[in-house]
Amino acid sequence: MTRLSGITPSGHVQLGNYLGAVRRWATEREPADLFFVSDMHAMSTPHKPGRLRALTREQFAVLLAAGIGPESVFVQSDLACELGALNWILECTCSYGEAARMIQFKERGAGQDSVRVGLLTYPVLMAADILLQGATEVPVGSDQDQHVELARVLARRFNATYGEVFAVPEAVVPKTAARVRDLSDPARKMAKSTQQSAGVVFVLDEPDVIRRKFRRAVTDDVGEVRYDPENQPGVANLLEILGACRGTSPYTAASAADSYAALKEIAAEAVVEVLGPVRERARELLDDPAELDRIRAHGAKHAADRAQPRLQAAMRMAGLR
Ligand code: TYM
């Protein structure tokens, strides 16, 4: 089994990324697993080059600080040649309709005057990430499920058309914290690219900032602490976050507080406690650019070496070279 997953530097890493993805990557890691910063994906919507470079660095440091070992991390663009080649092969395996059906494409493209072609082909590049490394499991939050499904379809189609090259991957979605919601708008998932960040808790936020964001979290006027996502989405989100931090179910978490104010405070403290060590270690790493560069170069070589035989086989079978 090989697990692989990525995180896109389209903003600062937030609590949903951490609880729904990064923390699990670190704690369940096996030697063959790979995790990466998908900086090429961050170009599918308008971006600033300097900010992209800085965020890539920050996310790379957060992955390491979360406990993912240096042998298991890399930055996507360090494999730009390998990925670019496989991406083209997979674009020529995917139909326009399949790409255009992706929910994230429709959501992000909605209401825009001009949409980058990269936004349409984004899931194909994701498939290239996954298939290039022969990943069998892809641990993601529920928002990425559909993209992994496309990677499965493309792997099967390539294998059936040209010959067996790719493992067919499976998405692994967590039972808790699969979708952490925005504290100020529980109808929306927490997202790093959200413009209004009052409801988004960032992994590198200072404890007092985290406490303030929780104090202002939107709840409801039912006035009872219980887990009812349908009718009390704000409270349910707080309970899911608290449960995920403590390793309990949101139902169990509900017995920890008898008022909304108490729930917000307890949830904030649980988050401060979980994120504290990650923030401190990430800051240390960011203060040592030479060490970060060294780890990055090592990770890139390892991932590229692993990718080459599969890429060569795919090119040959598709009639290239
Ligand atoms: P990204 O950067 O949007 O998110 C990284 C991981 O965090 C999860 N996640 C969440 N989980 C719970 N609650 C939330 N509010 C929340 N927000 C995000 C995501 O599900 C994801 O697991 N396209 C991917 C990166 C990528 C990738 C890949 C992943 C590129 N290539 C190949 C897997 C395999 C992305 O932008 O994730």
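Predicted model: local features only at pLDDT ≥ 70, side-chain atom pairs only at ≥ 80, totals over all residues.
**Before you start.** Residue numbers start from 1 along each chain, as its sequence is written. Local features need pLDDT of at least 70 and side-chain atom pairs count only at pLDDT 80 or more, while totals for chains, interfaces and linings use all residues.

Stop 1: Now colour the shell by class. Ala, Val, Leu, Ile, Met, Phe, Trp, Tyr, Cys and Pro count as nonpolar, Asp, Glu, Lys and Arg as charged, and the others, Gly among them, as polar.

Next, show the secondary structure. Helices (H or I, at least four residues) and strands (E, at least two) are DSSP runs, numbered from the N terminus.

**Stop 2: the open sheet.** Select E1, E2 and E3. These 3 strands form an open sheet in the order E1-E2-E3, paired in parallel. Two strands pair if DSSP finds at least two bridges between them. E1 and strand E3 (73-75) are the edges, each pairing on one side only. Neighbouring strands are turned by 25° against each other on average, direction ignored. Zoom in on strand E2 (residues 34-37), joined to E3 by 3 bridges. Phe36 stands opposite Phe74 in E3.

**Stop 3: H12.** Axes are lines fitted to C-alpha atoms, for helices over the stretch in contact, and angles run from 0 to 180 degrees between N-to-C directions.

H2 packs against helix H12 (residues 289-317) at about 80°, with the axes 11 Å apart. The two are therefore roughly perpendicular (65 to 115 degrees). Show side chains: Arg57, Phe60, Ala61 and Leu64 of H2 meet Leu292, Ile295 and Arg296 of H12. Contact here means C-beta atoms, placed from the backbone, within 7 Å. By class, this contact has 5 nonpolar, no polar and 2 charged residues.

**Stop 4: a hairpin.** Select strand E6 (residues 181-182) and strand E7 (residues 185-189), an antiparallel pair with 2 bridges. A hairpin of 2 residues joins E6 to E7. Finish at Arg181, opposite Lys189 in E7.

Note on methods:
Parallel < 35°, antiparallel > 145°, perpendicular 65-115°, else oblique. Contact = placed C-beta atoms within 7 Å.
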